[in-house]
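Me: I would like to learn how to read packing features in a model. Please take me through them one at a time.

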Amino acid sequence: MSGEIQAEDFSFWYGETQALKNISVTLPAGQITALIGPSGCGKSTFLRSINRLQDVVPRTRHEGAIRLDGADIHAPGMDVVSLRRRVGMVFQRWNPFPKSVYANVAYGPRVNGIRNAARLDEIVETSLKRAALWDEVKDRLRESATGLSGGQQQRLCIARALANDPEVLLLDEPASALDPLSTQKIEELLFELRGSLTVVIVTHNLQQAARASDHTAFFFLGELIETAPTQTLFTAPSDDRTEAYITGRFG
């Protein structure tokens, strides 16, 4: 299965400030990996490096490599647009376009050259079903996406990412601004996506990481302290800093 991510001694700087230090980790294809750690520890920087979203930030640089299915994403000739089709991104705050529900989901396929109406209809329906949103919006496809609830808008953003048929889906605190019911729906959606693509999720919610992920990686001060199957990391961490963080004794 495609979608395996490998970081090899990957370091990253914002100007003179080093945000990541020699990160080496494999994120397995078809599984969910949670990135946890205190604010400012580098987990979001690492997440956004996977699809080179950090390229748009001035005065940044990196060393080492991140590979997608063995290919260095920073190699000369790498098509960044193609990379971002393969590696979708969903942000902390939902950001639907001020267009209809249908137009939001169809946007990526249209940009990628799909014009056939029947094919677009199929993609929109399939993507909304994968995002567990179809039944709620199938009669509102031509209405503005901004009229949906916050939880629905976030799932719409996931559907928009899925419409490009990515191999990897990156989620940066996708449920942090949602109510408990909407958060539950996001987590149920992750379970549905498991196996069909690789999911990497940044979360401050340790219970969410424990419930929703197969593997967990703990970051601290720009370093990857440890990574392990989620149950192992939460019940028998190998590093004292990890144990202190997950037991609330971190300080």
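Reply: Start with handedness. A crossing is left-handed if the near helix is turned anticlockwise from the far one by less than a right angle, and right-handed if clockwise. Here the crossing of α3 and α6 is right-handed. The contact is made by Val 101, Asn 104 and Val 105 of α3 with Leu 156, Ala 159 and Arg 160 of α6. Contact means heavy atoms within 4.5 Å. Helices (H or I, at least four residues) and strands (E, at least two) are DSSP runs, numbered from the N terminus.

Me: What should I know about the source of these values?

Reply: This is a predicted model: local features need pLDDT of at least 70, and side-chain atom pairs count only at pLDDT 80 or more, while totals for chains, interfaces and linings use all residues. Residues are numbered from 1 along each chain as its sequence is written, and side-chain values use heavy atoms, with hydrogens and water left out.

Me: At what angle do the axes of α3 and α6 cross?

Reply: Axes are lines fitted to C-alpha atoms, for helices over the stretch in contact, and angles run from 0 to 180 degrees between N-to-C directions. Helix α3 (residues 101-111) and α6 cross at roughly 30°, and their axes come within 7 Å.

Me: How does α4 pack with α6?

Reply: Helix α4 (residues 117-130) and helix α6 (residues 150-162) have axes 8 Å apart, at an angle of about 130°. Angles under 35 degrees count as roughly parallel, over 145 as roughly antiparallel, 65 to 115 as roughly perpendicular and the rest as oblique. α4 and α6 are therefore oblique to each other. This crossing of α4 and α6 is right-handed. On the α4 side are Ser 127, Leu 128 and Arg 130; they meet Leu 156, Ala 159 and Leu 162 in α6.

Me: Is α3 mostly covered or mostly open?

Reply: Buried means under 20%, exposed over 50%, and partly exposed in between (1.4 Å probe, protein chains only). α3 is mostly covered, with eight of its eleven residues buried. Among them are Val 101, Tyr 102, Asn 104 and Pro 109. The buried residues of α3 pack against α4, α5 (134-137) and α6. Just after α3, Gly 113 has a positive phi of about 100°.

Me: Now rings. How many aromatic pairs are there in the whole structure?

Reply: Rings of Phe, Tyr and Trp (its six-membered ring) pair if their centres lie within 6.5 Å; planes under 30 degrees apart count as stacked, over 60 as edge-to-face and the rest as tilted. The whole structure has five such pairs. One of them joins Phe 46 and Phe 219, 5.7 Å centre to centre. Their planes are 35° apart, so the pair is tilted. The pair links distant parts of the chain: Phe 46 is in helix α1 (residues 43-49), Phe 219 is in strand β9 (residues 215-220), and 173 residues separate them. Phe 46 is buried, at 1% relative accessible area. Phe 219 is buried too, at 1%. Elsewhere, ring pairs link Phe 10, Phe 12 and Tyr 14 into a cluster.

Me: What surrounds Tyr 14?

Reply: Tyr 14 belongs to strand β1 (residues 5-14). At 29% relative accessibility, Tyr 14 is partly exposed. Beyond neighbours within four places in sequence, Tyr 14 contacts Ala 19, Thr 45, Gln 54, Val 57, Arg 59 and Thr 60. The C-alpha atoms of Tyr 14 and Arg 61 are 7.0 Å apart, although 47 residues separate the two along the chain.

Me: Which ring does the charged end of Arg 61 sit over?

Reply: A charge sits over a ring if NZ of Lys or CZ of Arg is within 6 Å of the ring centre and within 35 degrees of the ring normal. The charged end of Arg 61 sits over the ring of Trp 13, 3.9 Å from its centre. Arg 142 does this over the ring of Tyr 102, at 4.1 Å from the centre.
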